Amino acid sequence: MGNSRAYPVLRTTDAAEAYRQARRLCALLRHIDDKVWLFAESATVREVREIAAIAPGLPFDYADNRTDPATGDYLRFDLDVTALDDAALAEHLPLSFSEQVERERVEARILTALGDGMASVEWHGRWPDDSDADVDWPSKYDGVQVLFHGDEAQWGDWTEEHTVFVHVTKWGDLPLAQELAAHIGSEVLGEAQLGW
């Protein structure tokens, strides 16, 4: 049990560069899952439509807590975003999305789907020097994350910058993180953060 440790290894205001460097790190994973975890907070109709095209049929939710004025119960967004016209959809913004999605769908379209909202793509896999090398499934800790408009692996406050993280064992592995950062011509940019 536990969470990975996420080391920031790149910060930039260029979303395409952050994505490119994240993909370079993914190429080092000995194994990579067929699905990625995609998180997005969408404040515009265009952003919601783009994420819905990447992940057809998967649910959205309200990005902020909303309650029923009569009962005080929390409300969930349970509408099909593709069935709403733009004006009706705009009434429900901002929306969030957090689901596993086929890796190829996300990789092919994420840069065109980005807007000013925060988004994260997480590739889970196994680094080549993982101590469980005889196991054919991925480590639950290893992987790469690119966070658009943020600098905290757990999706903190919005920023202008985009951050790439490498995720390692729950005990942390600074030497591995440093080696991975060097692969993209960078260095570890701060303390380990709580990962996935």
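Gln 21 sits in helix α1 (residues 15–26). Helices here are DSSP runs of H or I with at least four residues, strands are runs of E with at least two, and both are numbered from the N terminus. This is a predicted model, where local features need pLDDT of at least 70, side-chain atom pairs count only at pLDDT 80 or more, and totals for chains, interfaces and linings use all residues. Residues are numbered from 1 along each chain as its sequence is written, and side-chain values use heavy atoms, with hydrogens and water left out.

- Gln 21 has a relative accessible area of 4%, so it is buried. Buried means under 20% relative accessible area, exposed means over 50%, and partly exposed lies in between (1.4 Å probe, protein chains only).
- Gln 21 touches Leu 10 and Ile 184, leaving aside residues up to four places away in sequence. Contact means heavy atoms within 4.5 Å.
- Val 81 belongs to the loop between β4 (61–62) and α3 (86–90).
- Val 81 counts as buried because its relative accessibility is 6%.
- The contacts of Val 81 are Val 48, Arg 49, Ala 52, Phe 60, Leu 89 and Leu 95, not counting residues up to four places away in sequence.
- Arg 49 is 32 residues from Val 81 along the chain, yet their C-alpha atoms are separated by 7.5 Å.

**Helix packing**

- α2 packs with helix α4 (residues 103–113) at an angle of about 170°, and their axes are 9 Å apart. Axes are lines fitted to C-alpha atoms, for helices over the stretch in contact, and angles run from 0 to 180 degrees between N-to-C directions.
- That angle makes α2 roughly antiparallel to α4. Angles over 145 degrees count as roughly antiparallel, under 35 as roughly parallel, 65 to 115 as roughly perpendicular, and the rest as oblique.
- From α2, the contact uses Arg 46, Glu 47, Glu 50, Ile 51, Ala 53 and Ile 54. From α4, it uses Arg 105, Val 106, Arg 109, Ile 110, Thr 112 and Ala 113.
- The residues of this contact of α2 with α4 divide into 6 nonpolar, 1 polar and 5 charged. Ala, Val, Leu, Ile, Met, Phe, Trp, Tyr, Cys and Pro count as nonpolar, Asp, Glu, Lys and Arg as charged, and the others, Gly among them, as polar.

**The cavity**

- A search of the whole structure finds 1 cavity of 30 Å³ or more. A cavity is a set of points on a 1 Å grid over the protein atoms alone, where a 1.4 Å probe fits but cannot get out; lining residues have an atom within 4 Å of a point.
- The largest cavity holds about 60 Å³ of space. Volume is the space filled by probe spheres set on the grid points, which are joined across faces, edges and corners.
- β3 (35–42) and α2 (45–54) are the elements that give two or more residues to its lining.
- β3 supplies the largest share of the lining of the largest cavity, 3 residues.
- Residues lining the largest cavity include Ser 42, Glu 47, Ile 51 and Met 118.
- The lining of the largest cavity has 6 nonpolar, 3 polar and 2 charged residues.

**Backbone features**

- The peptide bond from Leu 93 to Pro 94 is cis, with omega near 0°.
- Pro 94 is in the loop between α3 and β5 (95–102).
- His 149 lies in the loop between β7 (143–148) and β8 (162–168). Its phi is near 65°, a positive value in a residue other than glycine.
- His 149 is buried, at 8% relative accessible area.
- Trp 155 is found in the loop between β7 and β8. Its phi is near 60°, a positive value in a residue other than glycine.
- Trp 155 counts as partly exposed, at 29% relative accessibility.

Definitions and conventions: 1 Å grid on protein atoms, 1.4 Å probe; cavity = no way out; pocket = protein on both sides within 12 Å on 5 of 7 lines; lining within 4 Å.
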